[in-house]
Amino acid sequence: KKQAFELIKISEDGEQTETDLVEGAGFKIFRISQLSGVKDGTLKPSNGSSFTPEDFIGYDYSKDQTASYYENGKEIFVDELFTDEKGYLCSPELPYGTYVVFESTTPESLQTIRPFLITIQEDSRDPQPWRIFDDRPILFYF
């Protein structure tokens, strides 16, 4: 079982009616069961049963390998993925499991979105329905 996911990045300040598309936002994908913090027990679900996106806020991924998939019998690790000029990103087809995705590169003057979870449960060549994420401008008050 494997499937890709899609996302679109936009930026709006809460006052405009049309949003800007965000190019160059970078994302890294990790299989939750393979995270070192999960394996050694230092990272546990805050609700006691299953992980939520909030469980990964502030987690240090530097000791972990990104998610992988197989192509022609060869394991391929997913590099950082970036949104294109239309704010669009499509992942490779990931194997069955649950993944955490975090914004690893945030375009200048925008806020970073929170981590989010992707669960692959079926085998499909069609990506999961796209999700839209908003990188709002950083506001400065004087």
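**Aromatic pairs and a buried aspartate**

Seven aromatic pairs are found in the structure, which is a predicted model. In one of them, the ring centres of F30 and Y61 lie 4.7 Å apart with their planes at 25 degrees, and because planes under 30 degrees apart count as stacked, this pair is a stacked one. F30 belongs to strand β4 (residues 26–31), whereas Y61 sits in the loop between α1 (36–39) and β5 (68–71), so their pairing ties together parts that are 31 residues apart in sequence. F30 has a relative accessibility of 2% and therefore counts as buried, and Y61, with a relative accessible area of 9%, is buried as well.

Y61 also pairs with F102: the centres of these two rings are 4.3 Å apart and the planes are at 5 degrees, so this pair too is stacked. Here the link again joins distant parts of the chain, since F102 is in strand β10 (residues 97–105) and Y61 in the loop between α1 and β5, 41 residues apart. Both Y61 and F102 are buried, and together with F30 and Y59 they form one aromatic cluster.

The loop between α1 and β5 also holds D64, which is buried but has no salt bridge, the nearest side chain of opposite charge being that of K39, 7.3 Å away. The side chain of D64 does reach the backbone nitrogen of S36, at 2.6 Å, and a polar contact of 2.8 Å joins it to the side chain of Y59. Neighbours within four places in sequence aside, D64 is in contact with F30, Q34, L35, S36 and Y59; of these residues, F30 and Y59 belong to the aromatic cluster.

Methods. Residues numbered from 1 in each chain as written. Predicted model: local features only at pLDDT ≥ 70, side-chain atom pairs only at ≥ 80, totals over all residues. Heavy atoms only, no water. Phe/Tyr/Trp six-rings, centres within 6.5 Å; stacked < 30°, edge-to-face > 60°. Helix = DSSP H or I, 4+ residues; strand = E, 2+ residues; numbered from the N terminus. Buried < 20%, exposed > 50% of the residue type's maximum accessible area, 1.4 Å probe, protein only. Lys, Arg positive; Asp, Glu negative; His and termini not counted. Salt bridge = Lys/Arg side-chain N within 4 Å of Asp/Glu carboxyl O. Polar contact = N/O pair within 3.5 Å; in protein donor to acceptor, adjacent residues only side chain to side chain. Contact = heavy atoms within 4.5 Å.
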